[in-house]
Every structure is written in structure tokens, then in C-alpha cells.
Amino acid sequence: MNKINNIVTTAVLFLTFLGQGFSQTNPVIEVFPKGTVLHGNINYANDTLQKHLLDIYLPQKASGKIPLVVFVHGGGWLVNDKYADIGYMKKTVSEIVSKGFALASIDYRFATQAVFPAQIQDCNRAVSFLVDNADTYGFDKDRIAVMGFSAGGHLASLMGLSKNNDIPEFFVPKTNKGFDFKAVVDFYGPAELILFPGANDAKSPEALLIGAPPLDRPDLAKMASPVTYVDENDPPFLIVHGENDDLVSPRQSQLLSSWLTVNGVENELIVVKDAPHFGEMFDVQDIRTKVIDFLQTHLQN
């Protein structure tokens with residue numbers, strides 16, 4: 001009897017483990033279309049770090065290899081998780097999946113856990129995992145876009161812009177680099193760390209990110225700034241920023257857009273009238289249509 005009880009207990013624990021990250025524990029699954037297939041809390045680094053997890057959302061009854069959107073959350077490189085930003089972008093993320101895209105939302109280490117380039121290493125490592133397991137989940141590894149918000153917009157831009165530069169420090173050794181990004185959607189992400197008002201403040205988020213005030217270490221600030229890596233071979237960008245953003249100045253996105261334009265890279269900058277740093281003002285129909293059209297143009301056509 002004890003042996004049977006042990007077997008039952010083991011089975012229950014195993015099923016409980018399998019269920020982690022699914023509908024009973026995922027706080028945003030109800031945002032997605034009914035029937036969305038969720039693979040939750042997958043460790044992409046083969047370790048035990050809570051910040052090395054990702055969630056995969058697949059369209060119901062997807063057939064063939066489907067394009068993938070990698071979703072990078074914001075939070076000043078200091079807070080939040082892979083559910084953040086989905087909560088106020090409900091209709092947009094729902095439509096992404098309903099239009100036939102897979103969405104993978106990733107976690108990465110905070111600056112208080114490890115300074116830059118740990119964050120971009122984590123993001124690229126997550127994509128490496130997704131590419132390595134593309135056949136398992138049904139992704140088309142040749143059709144990948146990245147979308148980020150605030151600090152996640154910074155990392156998404158950095159991922160898209162630096163990939164063709166093959167920066168060794170941005171990758172974990174022996175991980176798969178055999179991927180490219182076909183498009184980048186950047187919501188109000190920092191583009192140039194020196195532009196921040198707190199660039200001389202050791203306690204500012206950007207200083208915590210690189211381990212020093214940007215004005216004290218312009219070399220580190222340059223390495224961590226997306227505009228550093230802009231060239232003519234970069235993927236197309238859709239950039240969205242709030243007119244009244246008091247955390248990340250719209251000038252950050254204006255500068256990125258200008259650098260992309262100067263280098264002949266397709267891009268569009270949308271400045272949302274009266275909008276703050278983040279919120280439901282970005283989940284409106286006209287912006288959502290722009291995002292979906294952009295993704296369909298570069299991943300489905």
C-alpha cells in the first residue's frame with residue numbers, strides 16, 4: 001500500500017509540475033484568444049534561475065511553421081516579469097495570436113542581479129532556445145520579430161540592431177547564433193543612455209544597468225545604447241512613443257528613428273498625442289492596426 005501511495009504521490013507531484021505556468025497559474029492567459037495553447041515557465045538556460053523562464057503562446061490549431069514574436073517586458077531593468085505589459089496591451093497581444101503568430105514572453109535578470117550585458121545575453125539566449133526548439137513548438141525560425149516595452153524596448157532594439165554586428169559579449173558562449181530578426185517593434189525604449197537626465201546619477205536605472213553613471217563611463221553607456229549599432233543592414237522598425245512621456249523622453253525614439261533613416265533602414269515613428277510613458281492609450285485600434293500590419297508585412301508576406 002505504501003508503494004502505491006508513493007506512486008500516486010509522485011504522479012500528483014509530476015502533474016502539478018507539468019501544470020505550472022498553465023491557466024491556473026498564468027495571470028494573463030485569459031487575455032489571449034480562447035483555445036490558445038500555453039507552454040508556461042520553460043527554463044531557457046538549463047539552470048534554476050527564476051529569471052531564465054519564458055512562456056509560449058500558440059494559436060489554436062496552427063498548421064505549418066508559424067512566425068514568432070518575442071515579447072520583452074519593461075520595468076527600468078529593475079522590476080516586472082514576463083506578464084508585465086501584456087496586462088495593458090490586452091487587445092494587441094490577443095490579436096497577434098489570433099492572426100496566426102506565436103508569442104514568446106521572456107524574463108531576464110535585473111540589473112540588481114547582474115549588470116549589463118547580462119540582460120542582452122539573457123534575451124539572446126532565450127531566442128537561441130526558441131530557435132533550437134522551433135520544430136517542437138512549430139515556429140518558423142526564419143520569421144522572427146522582437147517587440148519590447150520601455151526597458152524591454154531598449155533590449156528589443158538592441159537585439160535587432162546588434163545581431164548583424166555579432167558582438168561576442170552579447171551572447172552566452174556555445175549558444176545558437178543562427179537566427180536573424182525580420183522586424184522590431186519598439187514601444188518607448190531608451191536608445192541612447194547619455195541622453196537621460198540622470199546620466200550623472202549613480203542611483204539612476206541606467207547607472208545601475210551598466211554599473212556606473214553613463215557620464216562617468218561613456219564607453220559602457222555606448223556599448224549599452226541601441227543607436228551604437230545602427231547600420232544599413234538592420235531590420236525594419238516600428239517605433240511608438242508617448243508625447244508626454246516623462247520617464248523616457250520622446251527624443252530617445254526620435255534619435256533612433258533619425259539614425260535608422262540616415263542609414264536607409266525602413267522605419268516609422270508614431271508619437272502618440274498626450275500619451276504618458278505606458279498604459280492603455282497604446283492599446284487602441286489605430287496603433288494596433290499599425291503593429292499587426294507591420295508584423296504581417298515582414299513575417300507573413
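Student: Is Tyr 188 buried or exposed?

Tutor: Tyr 188 has 0% relative accessibility, so it counts as buried. Its phi is near 45°, a positive value in a residue other than glycine. Bear in mind that this is a predicted model, where local features need pLDDT of at least 70, side-chain atom pairs count only at pLDDT 80 or more, and totals for chains, interfaces and linings use all residues. Residues are numbered from 1 along each chain as its sequence is written, and side-chain values use heavy atoms, leaving out hydrogens and water.

Student: Where does Tyr 188 lie?

Tutor: Helices (H or I, at least four residues) and strands (E, at least two) are DSSP runs, numbered from the N terminus. Tyr 188 lies in the loop between E6 and helix H6 (205-210).

Student: And what about Lys 61: buried or exposed?

Tutor: Lys 61 is exposed, at a relative accessible area of 77%. Its phi, near 55°, is also a positive value in a residue other than glycine. You'll find Lys 61 in the loop between strand E2 (53-58) and E3.

Student: Which residues does the cis peptide bond join?

Tutor: Phe 116 and Pro 117, with omega about 15°. Pro 117 lies in the loop between strand E4 (102-106) and H3.

Student: On to strands. Which strands does E5 pair with?

Tutor: Two strands pair if DSSP finds at least two bridges between them. Strand E3 (residues 66-72) runs parallel to E5, joined by 6 bridges, and Val 72 has Gly 148 of E5 as its bridge partner. E5 also pairs with strand E6 (residues 183-187), again in the parallel sense, over 5 bridges. There, Phe 149 is partnered with Phe 187 of E6. Between E5 and E6 the chain passes through helix H5 (residues 151-162), a right-handed β-α-β crossover. Right-handed here means that, with the strands pointing away from the viewer, the path from the first strand over the helix to the second runs clockwise.

Student: Why is E5 described as largely enclosed?

Tutor: Count its buried residues: 8 of the 11 in E5 (residues 139-149) are buried, so the strand is largely enclosed by the rest of the structure.

Student: How many residues does the largest nonpolar core have?

Tutor: A nonpolar core is a set of buried Ala, Val, Leu, Ile, Met, Phe, Trp, Tyr and Cys residues joined through side-chain atoms within 4.5 Å. The largest one here has 57 residues, and those with the most contacts inside it include Leu 54, Val 72 and Phe 139. Helix H3 (residues 118-132) gives the most to this core, with 7 residues. A second, separate core of 36 residues includes Val 28, Val 69, Phe 71 and Val 97.

Student: And the whole chain: what does its secondary structure come to?

Tutor: 9 helices and 8 strands. The radius of gyration (taken over C-alpha atoms) is 19 Å, close to the 19 Å from the globule rule (2.2 Å times the number of residues to the power 0.38) for 301 residues, so the chain is as compact as a globular protein of that length. Buried residues make up 55% of the 301 residues.

Note on methods: Buried < 20%, exposed > 50% of the residue type's maximum accessible area, 1.4 Å probe, protein only.
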